[in-house]
Amino acid sequence: LVTPGELARPTVYCEYHSLDRRDLPPGFVTCHMRLIVVDDRKDVSKAEDEIDAHVLELIIALTLDEQITWTGARKTAEFAPYLGWELDVDVLAGLTHPPTPDPDPEPDPDTEE
């Protein structure tokens, strides 16, 4: 994960660390990732009030999505002098896509008159 230089706004980093197909039907995978929410203020006491509220909103939003689960959240000083929160998140993702129709199909010789 990159270490930020100067942040101009709160920032979210997403780091995938594994994929898993256990107990899933074909075409699906669980993506295990780490979301890191970093506040752009270097004054930790000011940053803490804001970032705590934003992370709580994020956790509520994640909880409402049936394809996303989060298993933990903790404060981190990994991006010092910025304060952050690290969330462990799993996302169910589909690997298959419906076939794309041919934009200019060849005529079927059996159906031509």
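This briefing covers the sheet, the helix across it and the nonpolar cores. The model is a predicted one. It contains an open sheet of 4 strands in the order 1-2-4-3, paired antiparallel. Helix 1, residues 44–64, lies across strand 2, strand 3 and strand 4.

**Sheet**
- Strand 1 (11–20) and strand 3 (68–76) form the edges of the sheet, each pairing on one side only.
- On average, neighbouring strands of this sheet are turned by 20° against each other, with direction ignored.
- Strand 2 (residues 28–38) and strand 4 (residues 84–94) run antiparallel and are joined by 11 bridges.
- Cys31 has Val91 of strand 4 opposite to it.

**Helix 1**
- Helix 1 runs at about 15° to strand 4.
- From first C-alpha to last, the 21 residues of helix 1 reach 30 Å, which is close to the 30 Å expected at 1.5 Å a residue.
- Ala47, Ile51, Val55, Ile59 and Leu62 are the buried residues of helix 1, and they pack against strand 2, strand 3 and strand 4.

- In soluble globular proteins, nonpolar side chains tend to be buried together.
- The largest nonpolar core here has 16 residues, and Met33, Ile51, Val55, Leu87 and Val89 have the most contacts inside it.
- Strand 2, helix 1 and strand 4 are the elements that give two or more residues to this core.
- Another core, of 6 residues, lies apart from the largest one and includes Ile36, Val38, Phe79 and Tyr82.
- Leaving out residues up to four places away in sequence, Met33 touches Cys14, Glu15, Tyr16, His17, Leu87, Asp88, Val89 and Val91.

Conventions. Residues are numbered from 1 along each chain as its sequence is written. This is a predicted model: local features need pLDDT of at least 70, side-chain atom pairs count only at pLDDT 80 or more; totals for chains, interfaces and linings use all residues. Side-chain values use heavy atoms; hydrogens and water are left out. Two strands pair if DSSP finds at least two bridges between them. Axes are lines fitted to C-alpha atoms, for helices over the stretch in contact, and angles run from 0 to 180 degrees between N-to-C directions. Contact means heavy atoms within 4.5 Å. The expected span of a helix is 1.5 Å times one less than its number of residues. Buried means under 20% relative accessible area, exposed over 50%, partly exposed in between (1.4 Å probe, protein chains only). A nonpolar core is a set of buried Ala, Val, Leu, Ile, Met, Phe, Trp, Tyr and Cys residues joined through side-chain atoms within 4.5 Å.
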